[in-house]
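Hi everyone, thanks for making the time.

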Amino acid sequence: MPRPVSRTLSRPVSRGVVALLLSCALLLTTAGCGGDDTQNTSSAATPTASASFEQQKLAKTRFVANAGLAAGATYQWIVKPYRAGKFKKGADGRTLALVKAGLAGAFTYNRLKAATNNAKGDPLLSKAVAPLTAGIDSLKDLGTKLRKGEAGDADVGAFENIINSVKDAGKSAGADVVDKVPSASQLSGG
């Protein structure tokens, strides 16, 4: 005779609840250890500390994801086709390459703005990325310039320089950024 559905579903849930409770108990017992007798060990203070740690961890993770997508889009649809001569008048596939580059430029700007917002959740990462905000803001209209075929060496170089600066800032804060090429549907917002 098969087990009732509610019983088979409750076991994984109850195991998860037990694991969560054990984790919380471990945090509470280790949070109370230390040499400071005046330390406030109330349960209200502990979630704030662990929540802060989780927020910082998520901030780095999100920063790495967004910066990686920006770097991948820049290389795949802006730098690589530009170096291959796809943006020059008369080049085969020029129109499609310019449209993709325009979308990639807008996408890159959007993901870099998201990455700078993510960086605010981690003090070290925030300090490393803060000087780059003006450079990121300068990319705002370059997507349109790329799409219209008006971009030159300096414009493509601006994308490349900002991406490299963001990668360096992330690395200095312990958040290594790896290029992740987004799909064409991600570029177009689909």
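Let me begin with the pocket: helix 2 gives the largest share of the lining of the largest pocket, 4 residues. Helices here are DSSP runs of H or I with at least four residues, strands are E runs of at least two, and both are numbered from the N terminus. Before going on, please keep in mind that this is a predicted model, where local features need pLDDT of at least 70, side-chain atom pairs count only at pLDDT 80 or more, and totals for chains, interfaces and linings use all residues. Residues are numbered from 1 along each chain as its sequence is written, and side-chain values use heavy atoms, with hydrogens and water left out.

Back to the pocket. Its volume is about 170 Å³. The elements that give two or more residues to its lining are helix 2 (45-83) and helix 3 (94-119). Points are joined across faces, edges and corners, and the volume is the space filled by probe spheres set on them.

Who lines the pocket? Among them are Gln76, Trp77, Lys80, Pro81, Asp92 and Lys100. By class, the lining has 4 nonpolar, 2 polar and 4 charged residues. Here Ala, Val, Leu, Ile, Met, Phe, Trp, Tyr, Cys and Pro count as nonpolar, Asp, Glu, Lys and Arg as charged, and the others, Gly among them, as polar.

Lys80 belongs to helix 2 and is partly exposed, at a relative accessible area of 41%. Buried means under 20%, exposed over 50%, and partly exposed in between, with a 1.4 Å probe and protein chains only. Lys80 and Val156 are 76 residues apart along the chain, yet their C-alpha atoms are separated by 10.0 Å.

Now the overall picture. The protein has 8 helices and 0 strands, and 32% of its 190 residues count as buried.

Next, a pair of asparagines. Asn66 sits in helix 2 and Asn118 in helix 3. Are they buried or exposed? Asn66 is buried, at 11% relative accessible area, and Asn118 is buried too, at 16%. Setting aside neighbours within four places in sequence, Asn66 is in contact (heavy atoms within 4.5 Å) with Arg111, Ala114, Ala115 and Asn118.

Last stop, helix 7. Its 20 residues, 153-172, should span 28 Å at 1.5 Å a residue, and the end C-alpha atoms are 28 Å apart, so the two agree. The expected span is 1.5 Å times one less than the number of residues. Buried residues in helix 7 include Val156, Phe159, Ile163 and Val166. As a reminder, an α-helix has 3.6 residues a turn, so residues three or four places apart point the same way. After helix 7 comes Gly174, with a positive phi near 80°.

Gly135 is buried, at 17%, and its C-alpha is 9.9 Å from that of Ile163, 28 residues away in sequence.

Technical notes: 1 Å grid on protein atoms, 1.4 Å probe; cavity = no way out; pocket = protein on both sides within 12 Å on 5 of 7 lines; lining within 4 Å.
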